[in-house]
Amino acid sequence: MRCSLIATNPTDFEVHLFHEGSLYKSYKMFGAHIVRNEGVVGTRFSVWAPHARAVRLVGSFNNWNGKDHPLTKINDQGVWTIFIPENLEGHLYKYEIVTENEQVLLKADPYAFYSELRPRTASIVYSLDGYHWNDKAWQRKKRRKPAYDQPLFIYEVHLGSWKKKEDGSFYSYQELAEELIPYVVQNGFTHIELLPLIEHPLDRSWGYQGTGYYSATSRYGTPHDFMFFIDQCHQAGIGVILDWVPGHFCKDAHGLYMFDGAPTYEYVNIQDRENPVWGTANFDLGKPEVRSFLISNALFWMEYFHIDGFRVDAVANMLYWPNSHVLHKNHYAVEFLQKLNEAVFSYDPSLLMIAEDSTDWPKVTAPTYEGGLGFNYKWNMGWMNDILTYMEAAPEHRKYLHHKVTFSLLYAYSENFILPFSHDEVVHGKKSLLNKMPGEYEQKFAQLRLLYGYLATHPGKKLLFMGGEFGQFDEWKDLDQLDWMLFDFEMHRKMSVYVKDLIKFYKRHKPLYELDHSPEGFEWIDVHNAEQSIFSFVRKSNKENDILVVVCNFTGTAYHDYKVGVPLLATYKEAFNSDASLYGGCGYINKKPMTALEEPFHGKPYHIEMTIPPFGISVLRPMKKRGERSVDGEEKMRRHVVGRRTR
């Protein structure tokens, strides 16, 4: 245990910045801190309760009787503090708040660093100091290689239901480090995105309705255990993104709601405050103290837990005022999001700030100095909805929905996009991605392989929710673990092999990620073949003539000697094919290289003739010139595609 050399009371300057909305490390001022002052080791508690008549500290150290531990109000804006000349680390505590109408409330500390395991609700005095990090190599690497021109394939995980023990209990953070991290590495994902891990009372809220914004949930262990998990991710080359909820919070009695008997963290106006869809309260994003609280929270996870990014939940719900039939911009939210992004990028320019925004709000990923919100990524919800609508249609009807595939390229470069197949698409009766696919058993797998191939080759970074990598057949069951027994079935094992090879292929080919956010990285070949539902396009890297030709067939008809226009006079080989027998396909593959003919087609100066697999995606690349070294990985992939046995 280390003691902080800080004063027994918050400084006037800290208090001023907090009320100004610019104390971005307010977690050093509020909460419970073990401190050394004038040779005395003690514990300082500070809380903001602007409407309280009195605040008392109760806990396991005083038999939950606060009469001898009243907090002192140090300013008119409601900052209260107390210094107890004892090291209280490990003790439980709450604030006993007397409201203006003499009601007595027992509240958990909004800045508590650790909390009791639900259903208990007390805060725990806990020192975050003392963990020794071993991720310097990772930190150097991510600052040297910004995400924009690098591969980014995110594995979205709910820790409580990824895998469970035989008795149904959770794996701990340390056990997950042993189980989950090697699995993520084996599959080739670059990042893990964790559903919210702030302390929350209800398991089935998945962390989206929190009470302890500074407490890593105790369901899986201590804060130091969570640090260990992240450290192990970094040492394995995996980034960690937190799902983060700065828009709203739950209304449980011990939490932030009506913290001192009146609206404190939430809007005063009930129309603005209430969120009837989720049964939550909206943060008052115009209140300076709330801005200090929330922006500090982002920096807190960065400073103490080395988080690499945030997926900011429900941005649309913040940008527009709730409970209105007309969309009215919430200028408080705009200002808050801009200040938030400026603060986090000042701390770490390599951070991923990802907006979950379902609207057409402009400049979400533009810099704030250009009038943007300042995020560097946005989920492409439009692409996700369109492509799933298209895939769920019967194959013979897809020709009438042709625009669902083409439309995304009209706006693909208006923002920096991530293409998400998230938990939201496989829960609440929506069915799993595999079960969304129409047709017979094998056809479902073929179409899912095609969908994932299109995900990997479409401009934008990628995200896949857990279970999708092996074709979970049932939708997400949030109280149970994933259906790992599906690995007993051949098609699911082959789907797992396919996803691993697809991600490996994606990471090895710069045309699939280097120009994700530039129109120079994409070019249609044939965008008009609605009748056959066949699409073809080119992906390009920064290097001249470093291209891939992608052909997608969204029907179950195979074609031989199919003409495809190509931009280069070269011999092409098939580098990837989702219909390979290795992946459970029918084996409609192109074994031999295809030499381009000097005859224009599809608006391109040359063309090739190829086999197009049913419900399949085929990726071609020009063969290297004579004398150039081939890539070992390419040769291995070619062997897989043509069905040869590999060692």
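1. The largest nonpolar core holds 184 residues, and Phe 226, Phe 229, Phe 310 and Phe 421 touch the most other members. A nonpolar core here is a set of buried Ala, Val, Leu, Ile, Met, Phe, Trp, Tyr and Cys residues joined through side-chain atoms within 4.5 Å. Buried means under 20% relative accessible area, exposed over 50%, partly exposed in between (1.4 Å probe, protein chains only). Helix H7 (residues 288-305) gives the most to this core: 11 residues. Helices (H or I, at least four residues) and strands (E, at least two) are DSSP runs, numbered from the N terminus.

2. This is a predicted model: local features need pLDDT of at least 70, side-chain atom pairs count only at pLDDT 80 or more, and totals for chains, interfaces and linings use all residues. Residues are numbered from 1 along each chain as its sequence is written, and side-chain values use heavy atoms, with hydrogens and water left out.

3. Leaving aside residues up to four places away in sequence, Phe 229 touches Tyr 173, Leu 176, Ala 177, Leu 180, Ile 181, Ile 192 and Leu 194. Contact means heavy atoms within 4.5 Å. A second, separate core has 19 residues, including Tyr 559 and Met 594.

4. Next, the backbone. Most residues other than glycine have a negative phi, and most peptide bonds are trans. The bond from Arg 118 to Pro 119 is cis, with omega near 15°. Pro 119 sits in the loop between strands E7 (104-107) and E8 (123-124).

5. Lys 431 is not a glycine, yet has a positive phi of about 75°. Asp 561, in strand E25 (residues 559-566), also is not a glycine and has a positive phi of about 55°. Asp 561 is exposed, at 59% relative accessibility.
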